[in-house]
Amino acid sequence: MHVTHLSLADFRSYARIEVALGPGVSVFVGANGQGKTNLVEAVGYLATLGSHRVSSDAPLVRAGAERAVVRAAVTQGERSQLVEIELNPGRANRARVNRSSQVRPRDVLGIVRTVLFAPEDLALVKGDPGERRRFLDELVTARVPRMAGVRSDYDRVLRQRNTLLKSAAMARRHGGRGMDLSTLDVWDQHLARVGAEVLAQRADLVSALGPLADKAYGDVAPGGGPVGLEYRSSAAAAVEPGAAAADPGAAAPAGTAGLREQLYEQLIAALASVRAQEIERGVTLVGPHRDDLVLKLGELPAKGYASHGESWSFALALRLASYELLRAEGNEPVLVLDDVFAELDVRRRERLAELVAPGEQVLVTAAVDDDVPGVLAGTRFSVADGAVERL
């Protein structure tokens with residue numbers, strides 16, 4: 001799969017820009033602040049409905065504009081599609097496919113698939129659990145686009161359950177009579193049912209990704225490792241106090257109805273075990289939103305023990321493993337390397353470049369062309385003063 005044309009209107013620094021692309025390597029070179037990252041950010045947005053740089057859509061709309069439009073022509077084999085997202089901060093975004101009548105934005109997921117390397121990836125190793133949960137969920141959605149709807153359902157149920165718990169906590173703190181919490185059992189069932197689907201998909205992903213990440217780490221940092229991925233389940237820890245980590249898919253084949261039912265029962269039991277604490281604190285304490293992916297370097301967690309270089313290698317290994325997994329499943333993603341080479345030493349630059357060079361489409365940004373290894377020869381673009389020119 002590759003993007004053949006990118007069109008932006010009022011996106012970030014661009015009032016309007018048209019960029020023709022092709023398979024192979026394309027390198028965007030420009031000084032910091034000239035807009036090269038904005039181009040690959042737009043491609044990534046079509047793939048994930050989010051930015052790797054900011055958590056909301058508002059900063060993506062050019063100052064003074066009401067909305068932004070990101071449009072791309074995409075080719076996969078003999079099939080071509082035109083996908084478009086209109087960003088409307090404070091209102092619902094809109095989407096179109098092949099200029100047809102509007103579809104839901106999440107219906108475009110899967111048309112464009114990307115694996116994006118960026119300086120922000122260091123947070124996968126050194127950052128909070130939310131960074132790793134986002135990594136898992138975005139990759140799950142790339143594999144199974146319908147999971148975007150499941151995640152949305154989970155977030156909705158979680159908000160409503162938290163609202164009920166917060167009201168109960170406030171009533172208790174103010175000395176009032178206890179609220180009627182009979183509906184909490186119903187919300188427990190909703191949360192557990194949707195949460196079990198999220199957990200089942202994450203379990204399947206972690207199982208598939210682990211060996212690929214170990215291999216990729218060895219490719220990026222020969223002689224390093226081994227590395228491993230371990231899913232830490234808040235529900236499992238609540239049911240079995242003292243269990244630091246658990247593989248939610250260990251007792252049943254990943255992705256089966258049996259596993260989902262097992263995880264549902266585990267979540268129901270966990271919610272029951274912490275109900276008193278939840279009512280006291282006014283928040284849901286177990287579920288996929290409280291879980292973590294533990295990254296292990298040898299027998300130790302990478303967070304807190306890995307050096308800066310080892311952390312970078314682990315982050316790169318996770319992205320390379322993601323690429324290999326998606327490619328093996330039949331739809332090779334676009335590889336995006338956003339200002340990555342400036343962050344790496346010479347050895348890691350060369351190893352990474354060798355590994356990604358064969359990709360169907362590789363988009364690279366760099367402030368200095370010399371930072372890009374020679375193996376990534378391809379089309380060069382100059383980005384300056386709001387213009388993108390092919391060299």
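**Sheet and helix packing**

Modeller: In this predicted model, strand S3 (residues 24–29) and strand S13 (residues 379–384) pair in the parallel sense over four bridges.

Colleague: Which strands are called edge strands, and why?

Modeller: The open sheet has six strands in the order S7-S11-S12-S3-S13-S14, with mixed pairing. Strand S7 (114–117) and strand S14 (387–390) are the edge strands, as each pairs on one side only. From one strand to the next the twist averages 20 degrees.

Colleague: Why are H3 and H9 called roughly parallel?

Modeller: Helix H3 (residues 129–143) and helix H9 (residues 308–328) pack at an angle of about 15 degrees, with their axes 11 Å apart. Angles under 35 degrees count as roughly parallel, and H3 and H9 are therefore described in that way. Their crossing is right-handed. On the H3 side the contact is made by Phe135, Leu139, Ala142 and Arg143, and on the H9 side by Leu318, Arg319, Ser322, Leu325 and Leu326.

Colleague: How do the residues of this contact divide into nonpolar, polar and charged?

Modeller: The contact of H3 with H9 comprises six nonpolar residues, one polar and two charged.

Conventions:
Residues are numbered from 1 along each chain as its sequence is written. This is a predicted model: local features need pLDDT of at least 70, side-chain atom pairs count only at pLDDT 80 or more; totals for chains, interfaces and linings use all residues. Side-chain values use heavy atoms; hydrogens and water are left out. Axes are lines fitted to C-alpha atoms, for helices over the stretch in contact, and angles run from 0 to 180 degrees between N-to-C directions. Helices (H or I, at least four residues) and strands (E, at least two) are DSSP runs, numbered from the N terminus. Angles under 35 degrees count as roughly parallel, over 145 as roughly antiparallel, 65 to 115 as roughly perpendicular and the rest as oblique. A crossing is left-handed if the near helix is turned anticlockwise from the far one by less than a right angle, and right-handed if clockwise. Contact means heavy atoms within 4.5 Å. Ala, Val, Leu, Ile, Met, Phe, Trp, Tyr, Cys and Pro count as nonpolar, Asp, Glu, Lys and Arg as charged, and the others, Gly among them, as polar. Two strands pair if DSSP finds at least two bridges between them.
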